Amino acid sequence: LYRTLDVLLPHKEAIEKHLKERLGELFDLDYDLLIYDITSTYFEGDALANPQAKRGYSRDKRPDCKQVCIALVVTTGGMPLGYEVFDGNRTDVTTVEEVVEAMEAKYGRAQRIWAMDRGMVNEENLAFLRERGGHYIVGTPRSHLKRYEGELTERGWSQVYEDLEVKLCPSPDGEETFILCRSASRASKEKAMHERFSTRIEDGLEKLGRRLARAKKRPSRVQVERQIGRLLQKNSRAAGKYRIEVEDDADRPGHLRLRWTCNESWSHWASLSEGAYLLRTNLVGWEPEALWKTYIQLTDVEAAFRTVKSDLVLRPIYHHVERRVHGH
């Protein structure tokens, strides 16, 4: 089987085109919307003969293993159109131009709509799509949500589903529209996460504070601060809630006291933004529900990844040679 895959590999592009045409004869496929995402798959062994095998962000939770990244483009409904294999340490945002150009070379540069997760998005990539006459619906970094703090409390929301509201917020230049989304179930989940991480941080700080109070000799301030840093890093989703200071206290044998307070502005913003996220698009004249439904079809490519990794047993990779990995 593996030797056969080696023989097929030089014909990858022709096979992709053939499958696309054959599927088009059998099914009524829509190629106007292309959904793009990246996953990774890891190697067993050192993979020294494969220059693409590198350590990077592992979607399989195996940071101890080398990996390659796999970029997949699917249509509405999850029909794969093509894939590319990238180095294991390649960041998502650097792959967009290469994949878009590859798809256009195979299937033409129609005015396609690209749906991508926030990991793919930067201003250069969006400008690249606009220059080519392309459209997009993409996620945005959570930090961008702060710009729309006022809109979160104002009226004008449209009910899309039982627990989902959306609101359109045009950009100042009028070239884009931002879609503010708020989910009740997601808000409940994020609130529980914040509470869990807050409890862990407070328990850790109280434990450290008691230890400093009992210390008979002066602990290393640097070591104490490192412990606090590790605690906040492990529970980063609630780290901004606290102002923490290590103070000198001459009345104590250990000479150090831990003092911490809650940041009320962080708590207010967390409560306001729980369950909310922001999308952006350059499509014009679309209803909020249609925009959200188009973006949420990213779940189609996630389902395709699950099929590839489970049913087709893509992971782990036991091969050593680069061409055989591409064949696999």
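Me: Which elements each supply at least two residues of the lining of the second largest pocket?

Reply: Strand β11 and helix α10 do. Keep in mind that this is a predicted model. The largest share of that lining, four residues, comes from β11.

Me: What is the volume of the second largest pocket, and how many residues line it?

Reply: The volume is about 460 Å³. The lining has 18 residues. Asp117, Arg186, Tyr295, Leu298 and Glu302 lie nearest the centre of this pocket.

Me: How many residues of each class are in that lining?

Reply: Nine are nonpolar, six are charged and three are polar.

Me: Now the largest pocket. How much space lies in it?

Reply: About 1,000 Å³. Of its 34 lining residues, Tyr83, Val308, Leu312, Gly327 and His328 are the closest to the centre.

Me: Which element gives the largest share of the lining of the largest pocket?

Reply: Helix α2 does, with six residues.

Me: How many nonpolar, polar and charged residues does the lining of the largest pocket have?

Reply: It has 24 nonpolar, seven polar and three charged residues.

Me: Let's turn to the strands. How do the strands of a sheet pair?

Reply: They pair through backbone hydrogen bonds, either parallel or antiparallel. Here, nine strands form an open sheet with mixed pairing. Read across it, the order is β3-β2-β1-β4-β5-β11-β8-β7-β6.

Me: Which are the edge strands?

Reply: Strands β3 (80–87) and β6 (158–161). Each pairs on one side only. From one strand to the next, the twist averages 25 degrees.

Me: In which sense do β8 and β11 pair?

Reply: Antiparallel, over six bridges. Strand β8 covers residues 177–183, and β11 covers 276–281. Take Phe178 as a case: its bridge partner in β11 is Arg280.

Me: Which strands does helix α4 lie across?

Reply: Helix α4 (residues 123–131) lies across β4 (113–116), β5 (135–139) and β11. The helix runs at about 160 degrees to β5.

Me: Last topic: aromatic rings. How many aromatic pairs are there?

Reply: The count comes to three. One of them joins Tyr148 and Phe178. Their ring centres are 5.5 Å apart, with 35 degrees between the planes. Planes under 30 degrees apart would count as stacked and over 60 as edge-to-face, so this pair is tilted.

Me: Which parts does the pair of Tyr148 and Phe178 tie together?

Reply: Tyr148 lies in the loop between β5 and α5 (149–153), while Phe178 is in strand β8, so the pair links parts that are 30 residues apart in sequence.

Technical notes. Residues are numbered from 1 along each chain as its sequence is written. This is a predicted model: local features need pLDDT of at least 70, side-chain atom pairs count only at pLDDT 80 or more; totals for chains, interfaces and linings use all residues. Side-chain values use heavy atoms; hydrogens and water are left out. Two strands pair if DSSP finds at least two bridges between them. Axes are lines fitted to C-alpha atoms, for helices over the stretch in contact, and angles run from 0 to 180 degrees between N-to-C directions. Contact means heavy atoms within 4.5 Å. On a 1 Å grid over the protein atoms alone, a cavity is a set of points where a 1.4 Å probe fits but cannot get out, and a pocket is an open set with protein on both sides within 12 Å along at least five of seven lines; lining residues have an atom within 4 Å of a point. Grid points are joined across faces, edges and corners, and a volume is the space filled by probe spheres set on the points. Ala, Val, Leu, Ile, Met, Phe, Trp, Tyr, Cys and Pro count as nonpolar, Asp, Glu, Lys and Arg as charged, and the others, Gly among them, as polar. Rings of Phe, Tyr and Trp (its six-membered ring) pair if their centres lie within 6.5 Å; planes under 30 degrees apart count as stacked, over 60 as edge-to-face and the rest as tilted.
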